[in-house]
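Biologist: Could you walk me through how to read a model like this one? I would like the general idea for each feature, then the case in hand.

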Amino acid sequence: MGNFDFLAKDFPSLENLATLAESYLYSDPNSAIIKLGMLCENLVELIYRFDRISRPQDHRAVGRINTLAQQGVLPREIVNILHLIRQARNNAAHNGAGTTDDAKHYVSLVHSLTWWFEATYADQDVRVPSYVVPTEDEIAARLAAALGRDNRSLVAADEKKAEAAPEVSRAERARRATAAVNQRPKTEAETRLLIDDQLRQVGWEADTARIRYSAGARPAQGRNQAIAEWPTDSATGNRGRADYALFIGLKLVGIIEAKAEHRAIPSVLDYQAADYGKNIAAEHEAHVIGHWGDFAVPFLFATNGRPYIKQYQTQSGVWFRDVRDPMNTPRALSGWPSPDGLAAMLDADEDAAQRALTDLDDDLLTSSNGLNLRDYQVAAVHAVEDAVVAGETRALVAMATGTGKTRTVLGMMYRFLKTNRFRRILFLVDRTALGTQALDAFRDVRLEDLLTLPEIYSISGLDVADIDPETRVHVSTVQGMVKRLFYPDAGDGDQVSKPAVTDYDLVIVDEAHRGYLLDREMSDTESLYRDQRDYQSAYRAVIEYFDATTIALTATPALHTTEIFGQPVFTYTYREAVIDGYLVDHDAPHRLSTKLSTEGIHFAEGDVVPIYDTATDEIINSSELADDVTFEVEDFNRSVITESFNRTVLEEISRDLDPSMPEKLGKTLIYAVDDAHADLIVAILKDIYASQGIEPEAIAKITGSIAGGNKKTIDEAIKRFKNERYPSVAVTVDLLTTGIDVPAITSLVFMRRVKSRILFEQMLGRATRLCPDIEKDHFEVYDPVGVYDAMQQVSTMKPVAVDPKTRFADLIEGIDVAGDDEARLAPIIDRVIAKLQRRRVTLTPAAAEHARDLADGCTIADVITTLKATPPARPRRGYAHTRSCSTISIARR
């Protein structure tokens, strides 16, 4: 009875290769490992055929494995094993490596792997005996039979069978794969192989078979080693030998205890690893860097090699305890620290950094020669710092689009770096364009001594993967980091490397609201996800991977945001920003009546429903609301993509919009359903405006498909729309919906519906920024598809002025009628202020002077300040000034 006989019925080609590999264990272990590599490559090919998955352009084994992982077919444990065998096979093929002991370990590992494959793709009830290493005599009888088979014919037959097999849904396949991986037999030897590889990936020298105390391995200057089976004076475990001792040069910095998967890891950390850490042998005292109570090692680790899974956290991940402070409790990490990371932890003085941060004044934040932050931005910085000082590891900041989140966070970053509160910051964005925009801001904004952040600290950009030790800030996309963490690449034969959990101690997440349906305009390198749930899972995995404090920025918090980051520590709303004069208000939308459906939103039993401020109609529980709303969008949007509908609507809208004078009238952004729809809109608009003598260059499509998806060309198109006269009308799908800053946008045209509240508010947010160059006092919304009305129940971005045609006199009369009723007064005052903010922008010098005369020398800005500062029941002087200003005939230039 052979170890791999269970494969003979369903996968004879795999059984034959496995038997051949076993047969070479003693006589030719190098060939045995190569055969195992071939088996794994054949197994991967069979998965492609069973699940009808298209092969990637990258035909290398690493690319084929990672593609299956990205498709959700392979559990992370199986991915790790396949990569481990791939690397061993390449090392054997290219370097002649491989001992009998190596081959035995790998054959046992492949035995468990093929058990998983059989249970997932054939017999779900398969029963497989534990692997038993065969003797040389047993092997001899099997070798002749295996050599007598034509393996090519067996492979061809198995592949044909896989293609003909009934198709299984992706969900069902995932269920089978997960069930099988949880039942797969595992050994401590397998755990050691996996841990060796995981440690090597983050910069340690690790190889249980060779870097072992009994094999002569010892600490050495200039080497970062995980030395296996390190002897201690402990009486527990494997005769007092720790599975690994971590050395940075000659310094003993950590103890690792490894166990098979079925063991609960925290108890291993608390007892066995702790006992080793307390009982370092006297002969090794020279390597001890300090004593902390009974401990002679600062850091303790325990693991079973299993990837971290939050639902099974006591049986997965890397459990860690910093014993230097007796109040530090054990916690699970998603991966291993690097040697540099542990060294930095040893060098850090967090208490001194906290004191320095608390004592730092606000001069840098408020200086007109520096950041020149507004009051609410300074308040946001302090709110986050207070959370950090209080020991919080998550802080969410909610600030309306256009209120200067990047500038605010720049102030935070500089203060954290200046006081050494954090060593290295990861600035995480979800699009290349947003990363480029952030880097531009870092280069442009002057901080201390008129220097920019890159002039003070080393910053790595989007095109940098490996981090230099001197790097203090790294800007990366979520997609790029997902690839580096979970699908690391390496040339054949090279050791895969990946970021360590200690590479960043602060992660700043820009546009943290993301999680709605993925952009269809992302390039292949940016789009790694199949659907929204997959994106949210990967997004969250990146954030939770690093052992770091996380600060998240968003304009539109929702339930899925607060589930990760908690409730906001600071909030500054669109309404507040409009009243304060930092954003422009918008009028109620131009509703173009069409025959299309105007179905609204429905709430199911158990859903969180919006709670409104009865005076302002503003939603006050937006952070608790789910993002998606329940009305059909896809069928609706398909009905929009018709020549007749678009031409009719665009001809009507074109009567209001003049793209020939963006320097006076501003620019227009149109949202299309998809790329083909964008092309249709552009063609119709060019045709309409050609009859008016307007150049075709005034209208342009800016989507992820232009120039074949070339990133440089896309970035240049965005910059032209922002900085140059033309194009003055841009048609996009999703590329310009979030994060892109073009202040001159004065008109938005919705030619499609969305069902994401966050996405809708982000789309509105493209036009909220001030633009003094064109005297922008508000923006217009054109809504021929009814999305504005459909979103009214859940949107937090409603016009403050409500009806711009309402006269000042009517509002003042409303104040008189309200008397001292603050609940009735407050929203009227807000509308007065919003209306004054609009007028202030377009006021001619003569009208401004006249207003001052009538208001006893007060400017409109003075009146606004008075109204904001005076309690609603007692602002009579402010009202009197407002009444005077309202008598002025204010005409636009």
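Modeller: Happy to! Let's begin with burial: a residue counts as buried when its relative accessible area is under 20%. Keep in mind that this is a predicted model. In helix α15, the buried residues include Lys-405, Thr-408, Val-409, Leu-410 and Gly-411. Further along α15, Met-412, Met-413, Tyr-414, Arg-415, Phe-416 and Leu-417 are also buried.

Biologist: How many of the 14 residues of α15 are buried, then, and what follows from that?

Modeller: Eleven of the 14 are buried, so α15 is largely enclosed by the rest of the structure. Across the protein chain of 893 residues, 56% count as buried.

Biologist: What span does α15 reach from its first C-alpha to its last?

Modeller: The helix covers residues 405-418 and reaches 20 Å, close to the 20 Å expected at 1.5 Å a residue. After α15 comes Asn-420, with a positive phi near 60°.

Biologist: Which strands does α15 lie across?

Modeller: α15 lies across β8, β9 (425-429), β11 (471-477), β12 (506-509) and β13 (549-554). Relative to β13, α15 runs at about 165°.

Biologist: How should I read a sheet in general?

Modeller: Strands of a sheet pair through backbone hydrogen bonds, either parallel or antiparallel. Here, an open sheet of seven strands has parallel pairing and the order β10-β11-β9-β12-β13-β8-β14. Its edge strands, β10 (458-460) and β14 (568-572), each pair on one side only. On average, neighbouring strands of this sheet are turned by 15° against each other, direction ignored.

Biologist: How many bridges pair β8 with β14?

Modeller: Four bridges, in the parallel sense, with β8 spanning residues 394-399. Val-397 stands opposite Phe-570 in β14.

Biologist: In what order do the strands of the six-stranded open sheet come?

Modeller: The order is β15-β20-β19-β16-β18-β17, and the pairing is parallel. At the edges are β15 (585-586) and β17 (699-701), each of which pairs on one side only. Within this sheet, three bridges join the parallel strands β19 (residues 745-750) and β20 (residues 778-782), and Ser-747 stands opposite Glu-780 in β20.

Biologist: Which strands does helix α26 lie across?

Modeller: Helix α26 (residues 711-723) lies across β16 (667-671), β18 (729-732) and β19. The angle between α26 and β16 is about 135°.

Biologist: Where can I see antiparallel pairing?

Modeller: Take β3 (residues 241-248) and β4, which pair in the antiparallel sense over five bridges. Phe-247 stands opposite Leu-252 in β4. β3 and β4 form a hairpin with two residues between them, and Gly-249 in the turn has a positive phi of about 65°. β4 also pairs with β5 (residues 299-303), in the parallel sense over five bridges, and Gly-254 stands opposite Phe-299 in β5.

Biologist: Is β4 largely enclosed or exposed?

Modeller: Seven of the eight residues of β4 (residues 251-258) are buried, so β4 is largely enclosed by the rest of the structure.

Biologist: How many disulfides are there?

Modeller: The test asks for a pair of cysteine sulfur atoms within 2.5 Å, and the count comes to zero. As for cysteine burial, Cys-40 counts as buried because its relative accessibility is 5%, and Cys-771 counts as buried at 9%.

Biologist: What about the chain as a whole?

Modeller: The protein chain has 33 helices and 20 strands. Of its contacts with a separation of 6 or more, 74% come from residues 24 or more positions apart. The chain exposes about 36,700 Å², with carbon and sulfur atoms supplying 48% of that area.

Terms used:
Residues numbered from 1 in each chain as written. Predicted model: local features only at pLDDT ≥ 70, side-chain atom pairs only at ≥ 80, totals over all residues. Heavy atoms only, no water. Expected span 1.5 Å × (residues − 1). Buried < 20%, exposed > 50% of the residue type's maximum accessible area, 1.4 Å probe, protein only. Pairing = 2+ DSSP bridges. Contact = heavy atoms within 4.5 Å. Axes fitted to C-alpha atoms, helices over the stretch in contact; angles between N-to-C directions. Areas by Shrake-Rupley, 256 points an atom, 1.4 Å probe, with all protein chains shown as cover.
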